[in-house]
Every structure is written in structure tokens, then in C-alpha cells.
Amino acid sequence: MSAAAAIRTAQADELGDQIIAAGFAPNGFLLDINGALDVPRDFPLSAPWNLPSRLFQFPIEVIRAEQDEPRKIGLRHPLLAAHPFVQHVERALGIEIARDGVTNRHGYSNRAHSLWHHAVDLISAGKWRELLETQEFTEPRNIFNAVVYGLTYSHHEDKKASGHISTGEARQIMREMGATEPTDRAAMLRSFSAPSPCQQDRGAEHWPINLHGPCAEDKAWSFIIGIEDGWFSYDRSGFLQWSPKGRDRYAAGDSDSYTEASGQTAFAF
């Protein structure tokens with residue numbers, strides 16, 4: 001950066017100086033690194049703002065001053081204007097924070113990631129009911145993808161190691177979202193990539209599940225039905241993978257019946 005550009009940048013960061021003076025950031029370096037104003041741990045919050053959602057914990061995005069462009073701050077969702085911390089910051093700075101968010105000079109913002117964080121954070125915390133109650137802060141596809149996440153992974157302290165949510169809970173979410181369950185299980189099975197093992201060093205063999213192409217809603221149904229029909233099972237660490245039954249069924253393709261690893265003949269569907 002030239003000396004003239006550096007001077008212009010410094011002059012353009014009056015907002016940054018205000019933010020630091022108001023105590024919302026210790027210095028400009030950390031303000032740039034964090035890219036957000038986060039709610040202090042002791043800041044009083046009532047429901048729903050006290051939910052363990054990164055969208056609610058970091059509601060204000062901060063764009064650093066660059067070249068001739070000044071520092072900018074904006075909400076990560078328009079409805080965050082009602083957030084008590086947002087209102088506190090607006091009073092302290094004497095401004096109205098951009099409701100529709102802000103972007104850097106390249107047109108980039110991390111708002112889309114924040115909407116995903118809201119869905120996956122609440123699913124991971126077991127607060128799927130609260131997610132449905134606050135679904136206006138995200139998008140349906142994020143909720144469907146969070147269902148897949150919740151079925152695929154388990155909390156590290158979960159002794160059952162059976163996902164963040166059950167298929168029964170996932171079905172309740174899908175029902176509340178107005179999702180329609182597919183009827184063609186064969187087509188659903190074929191939408192997955194062929195099962196293939198992976199093994200690191202001397203670790204246990206793992207059969208990862210890969211699915212590319214279907215919309216988020218169909219992807220969620222695929223995992224729900226895959227677990228219920230025994231295509232997938234959880235390993236000892238609580239990660240979902242292809243089960244022996246699922247691998248045998250996939251290898252059978254469109255056949256009406258197939259032979260399981262045990263030697264028994266089973267009907268496809």
C-alpha cells in the first residue's frame with residue numbers, strides 16, 4: 001500500500017476509532033481479525049437472543065477500511081435489529097447499523113455462513129425446537145442441511161453415539177417444514193456415491209457416506225430413510241457410515257432381491 005493510500009485508510013477509519021472508544025473492541029488489529037462485534041458474556045439477554053447460535057452471539061459484521069473505502073458495519077440478518085446488543089451498540093455509536101448488511105470492496109460478506117451457523121448450532125445443541133421457532137433467521141435449505149449434519153455426527157460426550165438428533169426428531173422437523181417424503185427408495189439409494197472404504201494408518205476401516213446433487217430437502221430425507229432402513233450405522237465414535245447391509249444393498253443395484261454378507265437373501269425394498 002502506498003503512503004498516500006495508507007493515509008486515506010487511516011482517515012477513513014473514524015468508525016473504527018468510535019468502536020474502540022466505546023469499548024466494543026480493544027484495538028483495530030483485533031477488530032479487523034474478528035470481523036464482528038460479539039456480545040459480551042455478561043450482557044443480559046432474554047429468549048430467543050440467549051440461544052447458542054453464532055448468529056445471535058456475533059450479530060454485527062465488521063468490514064475493515066481498505067484503500068479509499070471506510071470501515072463498515074452491518075447486520076448479519078435484518079431481523080437482528082431487535083437484538084438487545086445491536087440496539088445497545090447503535091445507541092453508543094449514535095448510528096443505525098445497515099439492516100441489509102455490508103460487503104467489502106470485492107462484494108463479499110459472510111452473512112450466508114452466519115445463516116447456516118444458526119441452523120447447525122441449534123441442531124448441534126439439541127435445540128431443534130428452538131430452531132423451528134426462529135427459522136425466520138435462516139433459510140429452509142440450511143435447516144435441511146443441518147438435519148443431515150445432526151444425523152451424521154454425534155456429540156463427543158454422547159455415550160449412545162447415535163447422532164445429535166434421532167430420525168424421529170428429524171421427521172418432526174421435516175413435517176414442520178412442510179417437506180414431502182420421496183417414495184422411490186431405489187432412486188434415493190442410487191443418488192449416493194458407491195460405498196468405498198478409507199483407512200488412516202492403523203485405524204479402523206471407515207465407510208464414508210457421500211451424496212452430491214440432490215436438493216437439501218431430498219438429501220435430508222435420504223439420510224433419514226437410510227438410517228431407518230439400515231443402510232447406515234454409527235461407528236464407535238458416533239460418525240455415520242455405510243453399514244454392511246447398506247453396502248450389499250447398493251451393490252445389488254436395481255435387483256428386486258440381493259444376498260447379504262451373511263448369505264441370506266433379502267428383498268430390496
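L37 stands opposite I60 in strand β2, and this pairing is a handy place to start looking around this predicted model. Both residues turn up again in the core, where I19, L37, I60 and I173 are the ones with the most contacts inside the largest nonpolar core.

**Strands**

- Which way do the side chains of β2 point? I60 and V62 point one way, while E61 and I63 point the other way.
- Whichever way they point, these residues of β2 (60-63) are all buried.

**The core**

- The largest nonpolar core has 60 residues.
- Helix α11, residues 216-228, gives the largest share of this core, with 7 residues.

**Salt bridges around R71**

- The model has 10 salt bridges by the rule used here.
- In one of them R71 joins D13, and their closest N and O atoms are 2.6 Å apart.
- This pair links distant parts of the chain: R71 sits in the loop between β2 and β3, and D13 in the loop between α1 (3-11) and α2 (14-21), 58 residues apart.
- Are R71 and D13 buried or exposed? R71 has a relative accessible area of 6%, which is under the 20% cut-off, so R71 is buried.
- D13 has 14% relative accessibility, so D13 counts as buried too.
- R71 has another partner in D32, and their side chains meet in a salt bridge at 2.9 Å, N to O.
- Here too, distant parts of the chain are linked, since D32 is in helix α3 and R71 is in the loop between β2 and β3, 39 residues apart.
- D32 is partly exposed, because its relative accessible area is 25%.

**Another salt bridge, and a network**

- The side chains of E69 and K72 also meet in a salt bridge, at 3.5 Å from N to O.
- E69 counts as partly exposed at 29% relative accessibility, and K72 counts as partly exposed at 24%.

**A patch on the surface**

- F29, L30 and I33 form a nonpolar patch on the surface, and together they have about 310 Å² of accessible area.
- L30 belongs to helix α3, residues 28-34, the helix that also holds D32.
- Why does L30 count as partly exposed? Its relative accessibility is 32%, which lies between the 20% and 50% cut-offs.

- L51 lies in the loop between β1 and α4 (54-57).
- With 11% relative accessibility, L51 counts as buried.
- How far apart are L51 and L131 in sequence and in space? They are 80 residues apart in sequence and 9.3 Å apart in space, C-alpha to C-alpha.

Notes
Residues numbered from 1 in each chain as written. Predicted model: local features only at pLDDT ≥ 70, side-chain atom pairs only at ≥ 80, totals over all residues. Heavy atoms only, no water. Buried < 20%, exposed > 50% of the residue type's maximum accessible area, 1.4 Å probe, protein only. Helix = DSSP H or I, 4+ residues; strand = E, 2+ residues; numbered from the N terminus. Pairing = 2+ DSSP bridges. Patch = residues over 30% accessible without salt bridge, like charges linked within 9 Å, V, L, I, M, F, W, Y side chains within 5 Å. Areas by Shrake-Rupley, 256 points an atom, 1.4 Å probe, with all protein chains shown as cover. Salt bridge = Lys/Arg side-chain N within 4 Å of Asp/Glu carboxyl O. Core = buried A, V, L, I, M, F, W, Y, C linked by side-chain atoms within 4.5 Å.
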